[in-house]
Amino acid sequence: MNIPFLDNWRKRHEPEPADSPLVAAFDRDPEGVGELLAECELLRARVAEAGVALDDTPRSLQELDQLPPRWRDDPEELPWIGNDAGLYLGTVIVRNVPGARWQVQPGGGPVVQLASGREIQVVEAGLDWAMTGSPELSQVYAESAEH
């Protein structure tokens, strides 16, 4: 049934979408959320098996780029590795590029904001890297460090 005045009333009285839990947590404790994002447990475990230690330095991104992409053999693990790779990339940027900091988009996705105001979609970059090898994580870092 089409009742125009009822449709207009519904549009005015629909509840506003609530912020994601990550947004709320970030508002309360941005440093704590940054530490949580830096955990990247699955990625750290997989690369440790290959003898690579993730020490939150740009050099470790180069080492990640050189690993054989064995995670591509497991379609269930692939997106998790990509997500962790993006969060790790963000962690390295935040800890090594002056003025860089974590931000959480209204939908709840973490990004890194540089001092220039530019936002780096680190999770997206990590997923692309895990699936195709490009862009290299070290390259994304280098471009971020230039700004």
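Is Glu31 buried or exposed, and with what relative accessible area? Glu31 is exposed, its relative accessible area being 67%; here buried means under 20% relative accessible area, exposed over 50% and partly exposed in between, for a 1.4 Å probe and protein chains only. The legends below describe a predicted model, in which local features need pLDDT of at least 70 and side-chain atom pairs count only at pLDDT 80 or more, while totals for chains, interfaces and linings use all residues. Residues are numbered from 1 along each chain as its sequence is written, and side-chain values use heavy atoms, with hydrogens and water left out.

**Figure 1. Overview of the chain.** The chain contains eight helices and three strands, where helices (H or I, at least four residues) and strands (E, at least two) are DSSP runs numbered from the N terminus. Starting at the N terminus, the order of elements is α-α-α-α-α-α-β-β-β-α-α. Of the 147 residues in the chain, 38% are buried. Among contacts (heavy atoms within 4.5 Å) with a separation of 6 or more, 59% join residues 24 or more positions apart.

**Figure 2. The largest nonpolar core.** A nonpolar core is a set of buried Ala, Val, Leu, Ile, Met, Phe, Trp, Tyr and Cys residues joined through side-chain atoms within 4.5 Å. The largest one has 36 residues, and Leu43, Leu64, Leu89 and Ile93 have the most contacts inside it. At least two residues of this core come from each of H2 (21-28), H3 (30-37), H4 (41-49), H5 (58-66), H6 (78-96), S1 (101-104), H7 (122-132) and H8 (137-146). H6 provides the largest share, eight residues. Leaving aside residues up to four places away in sequence, Ile93 touches Ala100, Val112, Leu114, Ile120, Val122, Tyr141 and Ser144.

Figure 3. Val33, Gly34 and Leu37 are the buried residues of H3. They lie on the same side of H3 because they cover an arc of only 105 degrees around the axis, the arc being that of the directions from the helix axis to the C-beta atoms. An α-helix has 3.6 residues a turn, so residues three or four places apart point the same way. The cover over the buried residues of H3 includes H2, H6, S1 and strand S2 (110-113). Glu31 and Leu36 are exposed on the other side of H3.

**Figure 4. Packing of H5 against H6.** Two packed helices are described by the angle between their axes and the distance between the axes. Axes are lines fitted to C-alpha atoms, for helices over the stretch in contact, and angles run from 0 to 180 degrees between N-to-C directions. For H5 and H6 the angle is about 155 degrees and the axes are 9 Å apart. The two helices are therefore roughly antiparallel, a term for angles over 145 degrees, whereas angles under 35 count as roughly parallel, 65 to 115 as roughly perpendicular and the rest as oblique. Pro58, Ser60, Leu61 and Leu64 of H5 make the contact with Tyr88, Leu89, Val92 and Asn96 of H6.

**Figure 5. Packing of H6 against H8.** The axes of H6 and H8 cross at roughly 30 degrees and come within 10 Å. This crossing of H6 and H8 is right-handed. On H6, Ala85, Leu89, Val92, Ile93 and Asn96 meet Leu137, Val140, Tyr141 and Ser144 of H8.

**Figure 6. Surroundings of Leu87.** Leu87 is a residue of helix H6 and counts as buried at 10% relative accessibility. Apart from residues up to four places away in sequence, Leu87 touches Leu37, Cys40, Trp102, Pro110 and Val123. A C-alpha separation of 9.8 Å is found between Leu87 and Leu43, which are 44 residues apart along the chain.

Figure 7. Most residues other than glycine have a negative phi, and most peptide bonds are trans. Cys40, though not a glycine, has a positive phi of about 45 degrees. Cys40 belongs to the loop between H3 and H4 and is buried, with 4% relative accessibility. Asp56, also a residue other than glycine, has a positive phi near 65 degrees. Asp56 sits in the loop between H4 and H5 and counts as buried at 15% relative accessibility. Ser134 and Pro135 are joined by a cis peptide bond, with omega about 0 degrees. Pro135 is placed in the loop between H7 and H8.

Note on methods:
A crossing is left-handed if the near helix is turned anticlockwise from the far one by less than a right angle, and right-handed if clockwise.
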